[in-house]
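Have a look at it first, then go through the points below.

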Amino acid sequence: MKTEKIRNFLPLAGLLIVFIAFAVLSGGRNLTSSNLQSIFNQSFFIMLAGICATFVYAHGGIDLSIGGLEGICMLIAVVSMRNIGFVPALFLVVLTGIVSGILIGGISVYGNIPVFITGLSLQYIYRGILKVATSKALITVPNQYTWLDSWGVKAVVLVAAAAVVGYLFNYTKIGRYEKAIGGNATATTLCGVNAKKYSVLAYVILGIGVGIAGLFAMVRAGGVNPQAGAAYEMDVLIAVVLGGMPLTGGAAARVRCGIIGALLIVVIENGFVLLGADPNLVDGIKGIIFIATVFVTIARRKGQVVN
């Protein structure tokens, strides 16, 4: 029990240590209000998806299509906001996320196709659509919607998302069943739980989060281009792992993992940039950190990721 408490505290401790370290190395430049806002703005999109991804990782799943999905949602959002307004745009990106979740969950769960393959396939499909739609020119967002890029608006959205997801995950059968499936899918099914249905539902919840994140990402970027959403899926994956999420799922899954991990990865990126490091080098550092994090969570005797 004591070891588990220490393990749960490590990601937050790591975030504080990294933040303090860069504060010292940068002479306090990462403590300015403008830089703190920048950290929040950059981590918001990862945190939002990371929170919603809790259900997917809790049952031991993974979704590698969300980078392409974010790009598609950015495209749908900008076209909708230019023609029919904000509310229809929000509805459409949420609907797109739901459909995408049903697709990846349904194909992998009911079609018995590894979710890794399904996610990559959908990623290529989304990327192809995005490239065709944006090949001629950048599609820009109307100026009247730039207020959505306010950190205050994003903070409200993030708190609301964390509250809803936290309640569903910790106090309803949805969260309990997802963790049970991650612990032992066969035993959960034998107990009368429709494991397939709840597995698909997890991808739907993640799709909704990515859809909303895509709308805000489009406003942040000022429009959409062929590279929209690139590497988003890896940023979310690295973030939840850095935040302490076990890749095998189970009872150790926590909603806070996506928040802590997203802040940690962005603080590291921001810190190295403040120190004058090449942005390409920062990407390499993220990869090294990801490998190291997975490596230290391996249970040597069982050869499995520690829960």
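**Notes on the model**

1. I'll start with one asparagine. Asn35 touches Arg29, Asn30, Asn270 and Leu274, leaving aside residues up to four places away in sequence; contact here means heavy atoms within 4.5 Å. Asn35 sits in helix H2 (residues 33-52), where helices (H or I, at least four residues) and strands (E, at least two) are DSSP runs numbered from the N terminus. With a relative accessibility of 8%, Asn35 counts as buried (buried is under 20% relative accessible area, exposed over 50%, partly exposed in between, using a 1.4 Å probe and protein chains only). Its side chain also reaches the backbone oxygen of Asn30 at 3.1 Å.

2. A word on ground rules. This is a predicted model, so local features need pLDDT of at least 70 and side-chain atom pairs count only at pLDDT 80 or more, while totals for chains, interfaces and linings use all residues. Residues are numbered from 1 along each chain as its sequence is written, and side-chain values use heavy atoms, with hydrogens and water left out.

3. Now the overall picture. The chain has 13 helices and 4 strands, and its C-alpha trace spans about 55 × 50 × 30 Å along the principal axes. A compact globule of 307 residues would have a radius of gyration near 19 Å, and the chain agrees, with 19 Å (taken over C-alpha atoms; the globule rule is 2.2 Å times the number of residues to the power 0.38). Of the 307 residues, 49% count as buried. Among contacts with a separation of 6 or more, 80% come from residues 24 or more positions apart. The chain exposes about 14400 Å², with carbon and sulfur atoms supplying 68% of it (Shrake-Rupley method, 1.4 Å probe).

4. Which residues have the most contacts inside the largest nonpolar core? They are Met81, Leu206, Leu215, Met218, Val224 and Tyr232, in a core of 81 residues. Helix H10 (residues 195-221) gives the largest share of this core, 13 residues. By definition, such a core is a set of buried Ala, Val, Leu, Ile, Met, Phe, Trp, Tyr and Cys residues joined through side-chain atoms within 4.5 Å. Met218 touches Met74, Ala77, Val78, Met81, Val141 and Gly223, again not counting residues up to four places away in sequence.

5. On charges, the count comes to 2 salt bridges (a side-chain nitrogen of Lys or Arg within 4 Å of a carboxyl oxygen of Asp or Glu). Asp149 pairs with Lys154, the closest N and O atoms being 2.9 Å apart. Lys154 is buried at 0% relative accessibility, whereas Asp149 is partly exposed at 22%. Asp149 also meets Arg220, at 3.1 Å from N to O. That pair links distant parts of the chain, 71 residues apart: Arg220 is in helix H10, and Asp149 is in the loop between strand E1 (139-140) and helix H7 (151-171). Arg220 is partly exposed at 38%. Shared partners join Asp149, Lys154 and Arg220 into one network.

6. Two backbone spots to look at. Most residues other than glycine have a negative phi. Asn112, not a glycine, has a positive phi of about 55°; Asn112 lies in the loop between helix H5 (86-110) and helix H6 (115-133) and is exposed at 66%. Ala231 has a phi near 70°. Ala231 is in the loop between strand E2 (223-224) and helix H11 (232-242), and is partly exposed at 42%.

Notes: Polar contact = N/O pair within 3.5 Å; in protein donor to acceptor, adjacent residues only side chain to side chain.
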